[in-house]
Amino acid sequence: MTNLDTPPPRPVATRTVRRALSWRHATLADTIAETDTARTLIFDIPDWDGHIAGQHLDVRLTAPDDYQATRSYSLSSGPSEQPQITVERVTDGEVSPYLVDMIEPGDAIEIRGPIGGYFVWEPIRGNPLLIGGGSGIAPLRSIWRAETGTRAIVLYSAQTAERILFGDELAAGTEVDARIHLTRATHPDYESGRIGADDLQRVIESAPPDVTYVCGPTAFVEGIASYLVNLNIDPRTILTERFG
Amino acid sequence: MAADRAFQGRPRQVDDRVPPGQYITDDFPVLTAGPTVDISASEWELTVTDGLTSKTYNWAALNALEMTELTTDIHCVTHWTKLNTTWEGVAITTLFDDAGIGDFDFALVSSYGDYTTNLPTIDLTEHDAMIAVRFDGAEIEAEHGGPARLLVPHLYMWKSAKWVREIQLSDQEDQGFWEAAGYHNYGDPWSEQRYYSD
């Protein structure tokens, strides 16, 4: 069924000594309005000692009656940058509207992390191909900011030009070679329509990846991952993160 | 900590079936480390082994065993809980009795696609664990682990390995995929055992 002579991307040992993952008080240091529906939150976190590209934070909010809601958000910062998450407001969401519209710099917030040893990039993993749908681009930014040694190729599917996250950075192209697809609009700077098997084939033939990261809504990830498998990419080198 | 300014949250779900830190969803989100595995019922096999005694079941052999039905709640470590899901399959006790394997403390479960997870054998035999072949009255879709998945509803769902291929019992404990990647070794939702230090 699969090519069995490539070792699977086993979870990496993230730290020789693991710290207890306890809840900590962070302070919101700054925000960046990425789009009308998404905001980047930059935190001051006491004793933060960096993270591995692709890891996430858990965020916990507490209401006046002590009710709590917890969600996980990918870090969008590079390993040596100040920690940040990039949050897309979910319609009828419980936590994301607070993070996108209400919390202000100077406010405290409970977090724990960094967390995760699977959807992560370290130099041992080799040359990455990054494929994101919607806000699934957030952990991929963490990877292209991780000094991968090459300009990482990024395939990014967004609904409209106004919904593109990190657009200036992707356009500048110093760290990434980005091909952006718009699924619900046309724009002279971008491809129209979904990322297809032929788009993936061209990228894979021009720069065969050692490992491919796919993050986005479930239907997007299912579609892309199945194209990749059909293009004979070893499934064990395809790392996925689905949401929604 | 003190309340977050202006955070109210959803209307409270006063429901003693929702573990701490979880919220109810009516959807069935997909969480898989990697692509969905495409394995047909005709190719699928399950091996149950203790290292000495082993038995391999194909689709017909599994379906020839006594089937059980279970309505239960399921809890994913990514914070969603889905209530009243209905499953049909073969209880693990039925499977182990049929295979005639010995009594060992630890189980390592493997999937097609190389996923693994570990749990104490007692969590397979003294709870509601089964090899599930139907979900809500229909065949299990591939993205949810069909044709056959393990179901261990009292632990976080990463223990309920999709596309189950082998259950190996042993007196030694080996860590599975997420367990080695920083998640909790046991994964009890009611104690919020999400990560290794919880």
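User: Before we look at any residue, what makes two residues count as being in contact?

Analyst: Two residues are in contact if their C-beta atoms, placed from the backbone, lie within 7 Å. Take A:Val154: setting aside neighbours within four places in sequence, A:Val154 contacts A:Leu130, A:Leu140, A:Trp144, A:Leu170, A:Val176, A:Asp177 and A:Ala178. Keep in mind that this is a predicted model, where local features need pLDDT of at least 70, side-chain atom pairs count only at pLDDT 80 or more, and totals for chains, interfaces and linings use all residues. Residues are numbered from 1 along each chain as its sequence is written, while chains are lettered from A and ligands numbered from 1 in the order in which they are written.

User: Thanks! Which residues touch the most other members of the largest nonpolar core?

Analyst: A nonpolar core is a set of buried Ala, Val, Leu, Ile, Met, Phe, Trp, Tyr and Cys residues joined through C-beta atoms within 7 Å. Buried means that 20 or more other C-beta atoms lie within 10 Å of a residue's own (12 or fewer is exposed, in between is partly exposed), with C-beta atoms placed from the backbone. Here the largest core has 111 residues, and those touching the most other members are A:Leu130, A:Ile143, A:Val154, A:Tyr213, A:Ile224, B:Ile131 and B:Ala132. Domain 1 (24–115) and domain 2 (123–243) of chain A each give this core at least three residues.

User: How far apart are the C-alpha centres of those two domains of chain A?

Analyst: The bounds come from an automatic or database domain assignment, and the C-alpha centres of domain 1 and domain 2 of chain A lie 23 Å apart. Where they meet, 16 residues of domain 1 contact 12 residues of domain 2. That side of domain 1 divides into 4 nonpolar, 8 polar and 4 charged residues. For these classes, Ala, Val, Leu, Ile, Met, Phe, Trp, Tyr, Cys and Pro are nonpolar, Asp, Glu, Lys and Arg are charged, and the others, Gly among them, are polar.

User: How should I read the strand order of a sheet, and which strands stand at the edges?

Analyst: Helices (H or I, at least four residues) and strands (E, at least two) are DSSP runs, numbered from the N terminus; two strands pair if DSSP finds at least two bridges between them. In chain A, 6 strands make an open antiparallel sheet ordered E4-E3-E6-E1-E2-E5. E4 and strand E5 (84–88) of chain A are at the edges with a single partner strand each, so one side of each has no neighbour in the sheet. Inside it, E1 (24–33) and E2 (38–44) of chain A are joined by 6 bridges, and A:Asp30 stands opposite A:Ile42.

User: What about the parallel sheet of chain A?

Analyst: Its order is E10-E9-E8-E7-E11-E12, again an open sheet of 6 strands. Strand E10 (191–192) and E12 of chain A are the edge strands. E7 (128–133) and E11 (211–217) of chain A share 5 bridges, with A:Pro128 partnered by A:Val211. H5(A) packs on this sheet, and its direction makes about 150° with that of E11(A). Such axes are lines fitted to C-alpha atoms, for helices over the stretch in contact, and angles run from 0 to 180 degrees between N-to-C directions.

User: Last one: how many residues does each chain bring to the contact between A and B?

Analyst: Chain A brings 39 residues and chain B brings 32 residues. H5(A) gives the most to chain A's side, with 6 residues. By class, that side has 21 nonpolar, 10 polar and 8 charged residues.
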